[in-house]
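Colleague: I am new to this structure and would like to learn how to read it feature by feature. Could we go through it together, with the general idea first and the case at hand second?

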Amino acid sequence: MVAVGIDVVAVDRFAAALARTPTLARRLFNPDEQVTATGHPRGPASLAARFAVKEAVAKALGVPAGMDWHDCRVVSELSGRPVLQVSQTVADAAAAQGITDWRISVSHDAGIAAAVVLAIGPARTESTP
């Protein structure tokens, strides 16, 4: 493991921000992140959890300058398991730190959305004295 990031988001506060700023969802999420696999709009808790992933990725990377939220996508496998896909600004920052893979865990309950992100790099051999 190269780095870890964690973030929590108050769902009601996030929902209020989305309602107050109609362009916010487009600035934070790719179109496919805003809908479920069946094409239904994601609810505030699901979007808040995806935003928590993006924030946790930024923390794991040390909050790189110029990070584009669209370069960090949370998609769902057919099983529903969330998977992180990175491109451009996020992929470049990850590569510079030796990060080759990601694992994410998301949850939302009782008005809180949370995410943990593990940034993984190649196995290193430890030299013994």
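Colleague: Is Val63 buried or exposed?

Modeller: A residue is called buried under 20% relative accessible area, exposed over 50%, and partly exposed in between, with a 1.4 Å probe and protein chains only. Val63 has a relative accessible area of 60% and is therefore exposed. Val63 sits in the loop between α3 and β2, and its phi is positive, about 50°, although Val63 is not a glycine. Helices here are DSSP runs of H or I with at least four residues, strands are runs of E with at least two, and both are numbered from the N terminus. This is a predicted model, in which local features need pLDDT of at least 70 and side-chain atom pairs count only at pLDDT 80 or more, while totals for chains, interfaces and linings use all residues. Residues are numbered from 1 along each chain as its sequence is written, and side-chain values use heavy atoms, with hydrogens and water left out.

Colleague: Which residues of helix α4 are buried?

Modeller: An α-helix has 3.6 residues a turn, so residues three or four places apart point the same way. In α4, which covers residues 88-96, the buried ones are Val90, Ala93 and Ala94. They lie on the same side of α4 because they cover an arc of only 100° around the axis, the arc being that of the directions from the helix axis to the C-beta atoms. These buried residues pack against α3 (44-60), β2 (72-76), β3 (82-86) and β4 (101-109), where contact means heavy atoms within 4.5 Å.

Colleague: Which residues are exposed on the other side of α4?

Modeller: Gln88, Asp92, Ala95 and Ala96 are exposed there. Gln88, at 56% relative accessibility, also has a positive phi, near 35°, in a residue other than glycine. Just after α4, Gly98 takes a positive phi of about 80°.

Colleague: What is the order of the strands in the open sheet?

Modeller: Strands of a sheet pair through backbone hydrogen bonds, either parallel or antiparallel; two strands count as paired if DSSP finds at least two bridges between them. The open sheet has three strands in the order β1-β5-β4, with antiparallel pairing. Because β1 (3-10) and β4 stand at the edges, each with a single partner strand, one side of each is left without a neighbour in the sheet. β4 pairs with β5 (residues 112-120) over nine bridges, in the antiparallel sense, and His108 stands opposite Ala113 in β5.
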